[in-house]
Each structure stands twice: as C-alpha cells, then as structure tokens.
Amino acid sequence: MATITSLGVGSGLDLTGLLDQLQDAERGKLAPITLQKKQQEAKISAYGQLQTSLDAFQDAVAKINDPKLYQSLSANVRGDGITATTTASALPGSYRVEVSQLATSGTLASGRVDEKDQALDLQGATSLKLTFGSGDSVDIAIAADSTLNSIRDAINADKNSGVNATIINDGEGYRLALSSKATGVEASIDSFSFVDAADAVVTGPFGEATEAGAKQQGQDAALTVNGIAISSAKNQIEGAIQGVTLNLAELSIEEGETASSTVNIERDTLKQREAINGFVKAFNDLKGTVGKLTAFDSESGSAAVLLGDSAVRTIESRLRSALTGGVEGGELSTLSQLGITLQRDGTLKTDDAKLSDLVANNPQALSAFFAGEGTKSGLAGKLETSIGQMLGSNGVIKGAISGAENQVKSLDTRYARMEKSIESTISRYRSQFSQLDVMVAQMNSMSSYLTQQFDALDAQLGRKK
C-alpha cells in the first residue's frame, strides 16, 4: 500500500484541520508567558522614565546645593565700551571708571636688506639678542648661513622669544619686523643686537631702523577708579575693584581722550530665583511622572504599570521625608518659611513674593538652608545624599530594573522550554493521526473488498435483484 503523505487523504477525515486546532490550543499555553514578559518590559521602560526624572531632579538639587550661588554678583556697566566680570569675592558697589590710555604692544623694525632668502654676512654672530623694556633679554640662536627668512623662523620657533617676527617689504627692501607678544612697557621690545659666541656685540648684517615709526614703545593702560589712578600692563585689569575684572580691549581711545563708564556690582538675584524655581519645577515634574506611572482609571478599571510598586513607594517616602524634615539650627528651617509649600496632591508651590524678598535681603539664610554651613548639610545636601543612594548601583531603581530584567530572562527560558514541549506534543499527535489515517484507509479498503465479495456471492445465489 502506498505511503500517505498528507493527513486525511486515506481516511477522508479532516485530520489536518483537527491537528491545527490542537496546535492552536497547545500554543495558547504560551500566551500567559508572553503577557508576563510584556508587563516586565513595560516595567523596565517605566523605571527608565522614573530614573530620567529623578536624574533631572538631582541636577536641580545640585544647583541649589552650591554656596557660590548665593554669593553671586553681576556687573552692570553704563558707558563707553568697558566690560566687567565678577567672582565670588566681589562686593556690591558703584564705581566710576575713566580710561585715558590702553595697554599696547611694542614694535620694532630693522634696517633694509636687498633679499630675504639669501645668506647674510653675520660677521661672526651666533645669536640675536632681544632686549625688552624691563631690561630682560632673550638670545635667539642663528646659523652661520642664516637668511632674513631663517632669522624670522628662528625667532618664531622660540616660545620664549617674547615677540612675533615677520618680514615687511617697504618697496625699497626687506625688513625684519618684531612685535611684542604681551602688552605694557616692560614687555615692549626695546632693541636687538647681534652677538658672537663670547657674547660680544658685532655689527651684523643690518641694524635697527632709525626713521620715525620704525620703533613704537609699548605702553601700560592708564585709568582711574573712583578717582584713584591705576596703571596696568594688560587691558584685562584684575584687582582694581575687589573680585572684578575690567576688560578695556573693546575701547577705542584717541590721544588726549578719556572714556568714562560706571560699573555697578549688584547681587545676581535672577540666578538664585531661577535655581530655586528650577528645583521646584523638577520635583513637580518627577511627581507628574510618578502620577502617570501609577495611575488608576476607575471607570475602565485599567491600571498603570507601576501602580502599587514598592520601588515607587520607597522613592516617594524618602523624598517626602527629606522635604518635610527641614533643617535644624538655622534662621530658616522649613520650606514653608521660604514660601514653598507642599500641596495636597504632593506637588510644591512657590510664593514668588516671599521667595524674592529672601533672595534680595537674606541670601545668607537661603545658603545655610539649602547648601548648609561648614560641615553641616542643608536640605539640598540631604536630598542629594538620598537621591544618590536611590540612583546608585545598589539603589532602589537599579534593583527594580535588575529584578524586571531577570524576570524577562526567566520568562524567555520558560517560553523556549514550553515551545519545545508543544512541538513534541504536536509531533506526537501528527504521528498518531498518520497512523489513524492509514488504519482507516485500510478499513475502508477492506470494507470495499468485502462489499464486492458479498455482492458477487449474492449474484451467484440469485439473490441479487
């Protein structure tokens, strides 16, 4: 008898359809595992959102935990072209600044030579001595066959030369032009000379140009601050006003002119208000994220993925404890004294007028409350410690994510094991159905044969009508 290659061909029964139904029923056992995996993956995503919000809150807390924030001052300048920046040591005040002279660099040009790339007669010179307004000098080594180009390159290659060198063509010949790297009288290039190995001066191939404009002495900046005369080798002047740097570089002063400005050093209350309001907003954003991830819709009965989650409860509990615990021993001890109150829905609300008054009139108390004093932590310090622990490698967030990831791995293993079991069961069913198909086919064939035999017998006996 030929082998049956398709179920039901021999028996005429829909064994393929029946096998498909059995397979669907068996694979239904995988649905709960798939659902559980999706739930765990949704938890991992939700924990990621929670971690992002907690990171943002941590950043906002770090800003108000900086004592420099409450000492910050800003410089406002009214007048000609002066700019000013402050450090933490600056003090509030108003300063009249009058600038009569800017700091400049010195320049010096040499005499002419005919060619810039031909060897010069150095007359035994082995170095070029550069002398500055301070009296200091620098020796630049030069080769015996040096050209004007190579002398320029040797100067520029020496990081201690104190000058920048270039070559100028004045229409009649080539000159070596030197300009001081730094401004001020002492840094100004004053002269140069050629010297031999014994440090004796030799005439050299060219001397300094003597015509007008060939040498321009560098000068110091000259200014007064509230009438007090000040001289500076630089146009960035530090220390003339405590904690303030004055920048004169953008000024343009003609000889005999004076540029006047008023520099007002004021408390930078805007930065403090922005940082504190940023702290409140970041907390409320975190609270909003928690609310979304733990929501429950009473009408539909649907629940968010982290409803009742222990990690979320731990985070909320620790933050609430730190916020309501306040700070002991200072002029300010609770958030409510700053005009920041905890609402019934768990969010924070700010009284802008009350907070602005503290920022303007008592920044020291704000600093002590948020950033602490000495070794004593303020509210922000306590929050940073708590958040750091929650976000750490052994913290509640990492633990929750790790637990969910382990669950996913376990479910993947269960799924693979169950799928293998189902394939084995279906294979067994297919074998049994194949045997059934052959058996029924044989029985049908036997039935057909017997029917034919009985019909023939009836015909022989005359019983067939």
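## What you are looking at

This is a predicted model, in which local features need pLDDT of at least 70 and side-chain atom pairs count only at pLDDT 80 or more, while totals for chains, interfaces and linings use all residues. Residues are numbered from 1 along each chain as its sequence is written, and side-chain values use heavy atoms, with hydrogens and water left out.

## Overall build

Along the principal axes, the C-alpha atoms fill a box of roughly 155 × 75 × 40 Å.

Of the 465 residues, 36% count as buried. Here buried means under 20% relative accessible area, exposed means over 50%, and partly exposed is in between (1.4 Å probe, protein chains only). The chain exposes about 25600 Å², and carbon and sulfur atoms supply 48% of that; the areas come from the Shrake-Rupley method with a 1.4 Å probe. Now for contacts, meaning heavy atoms within 4.5 Å: among those between residues at least 6 apart in sequence, 71% join residues at least 24 apart.

## Charges and salt bridges

The chain carries 42 positive and 56 negative side chains, and the centres of the two sets lie 17 Å apart. Lys and Arg count as positive, Asp and Glu as negative, and His and the chain ends are not counted. Each charge is placed at NZ of Lys, CZ of Arg, CG of Asp or CD of Glu. Side chains of opposite charge can pair when their charged atoms come close. A search of the whole structure finds twelve salt bridges, each a side-chain nitrogen of Lys or Arg within 4 Å of a carboxyl oxygen of Asp or Glu.

One of them pairs Arg152 with Asp153 at 3.0 Å, N to O. Arg152 is partly exposed at 24%, and Asp153 is partly exposed too, at 40%. Then there's Asp285 with Lys281, whose closest N and O atoms are 2.9 Å apart. Both sit in helix α4 (residues 269-293), four residues apart, or about one turn of the helix. Asp285 is partly exposed at 39%, whereas Lys281 counts as exposed at 51%. Glu316 and Lys287 also meet in a salt bridge, at 2.7 Å, N to O. This pair links distant parts of the chain, 29 residues apart: Glu316 is in helix α5 (residues 310-325) and Lys287 in helix α4.

Glu331 counts as exposed, at 59% relative accessibility. Leaving aside residues up to four places away in sequence, Glu331 touches Gln337, Asn362 and Ala365. Its C-alpha atom is 8.2 Å from that of Ala368, 37 residues apart along the chain.

Next, look for Ala353 in helix α6 (residues 352-361). Ala353 is exposed, with a relative accessible area of 57%. The C-alpha atoms of Ala353 and Ser260 are separated by 37 Å, with the two residues 93 apart along the chain.

Terms used:
Helices (H or I, at least four residues) and strands (E, at least two) are DSSP runs, numbered from the N terminus.
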